[in-house]
Amino acid sequence: MDDLVRFVFVGRLGYGVTMFICTLIATRVGHNRNPWHGYGIGGFLFAMVVCNLMMLLYPVWYWVMNFLVHPIAAYAGTKLGIEKSLTQIVEEPGRYPGS
């Protein structure tokens, strides 16, 4: 039973990494790195997780882990996707006086 719990825990973290990558890519690819793209994808994926949890019987700790891992991963992926690299900041026209 202990191996099953460990397997499921690692699986949930894997889904969290998937959520992180999906929101990161959605924010980076979206127009002007708008965070709503990442939040939209994160909300959609989280809604699918909730639908899955409601259809099958899962223990309470599984619900809690899903409600902790997924929103944190979506927020972190979107936040990281918003940040611009140093070269993009330097190359922006009109950013500095006299440029």
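Mentor: Ring pairs link F46, W63 and F67 into a cluster. This is a predicted model, in which local features need pLDDT of at least 70 and side-chain atom pairs count only at pLDDT 80 or more, while totals for chains, interfaces and linings use all residues. Residues are numbered from 1 along each chain as its sequence is written, and side-chain values use heavy atoms, with hydrogens and water left out.

Trainee: What makes two rings an aromatic pair?

Mentor: Rings of Phe, Tyr and Trp (its six-membered ring) pair if their centres lie within 6.5 Å; planes under 30 degrees apart are stacked, over 60 edge-to-face and the rest tilted. The structure holds 5 aromatic pairs.

Trainee: What is the label for W61 and Y62?

Mentor: W61 and Y62 form an edge-to-face pair, with 5.8 Å centre to centre and 85 degrees between the planes. The angle needed is over 60 degrees.

Trainee: Is Y62 buried or exposed?

Mentor: Buried means under 20% relative accessible area, exposed over 50%, and partly exposed in between (1.4 Å probe, protein chains only). Y62 has 11% relative accessibility, so Y62 counts as buried. Y58 has 26%, so Y58 counts as partly exposed; W61, at 37%, is also partly exposed.

Trainee: How do you know that T27 is buried?

Mentor: The relative accessible area of T27 is 0%, so T27 is buried. T27 is found in helix α1 (residues 2-29); helices (H or I, at least four residues) are DSSP runs, numbered from the N terminus. Leaving aside neighbours within four places in sequence, T27 is in contact (heavy atoms within 4.5 Å) with R33, N34, P35, H37, G38, T78, G81 and I82.

Trainee: What puts the buried residues of α2 on the same side?

Mentor: In α2, G38, G42, V49, V50 and L53 are buried. They cover an arc of only 105 degrees around the axis, which puts them on the same side of α2; the arc is that of the directions from the helix axis to the C-beta atoms. The buried residues of α2 pack against α1 and α3 (60-82).

Notes. Helices (H or I, at least four residues) and strands (E, at least two) are DSSP runs, numbered from the N terminus.
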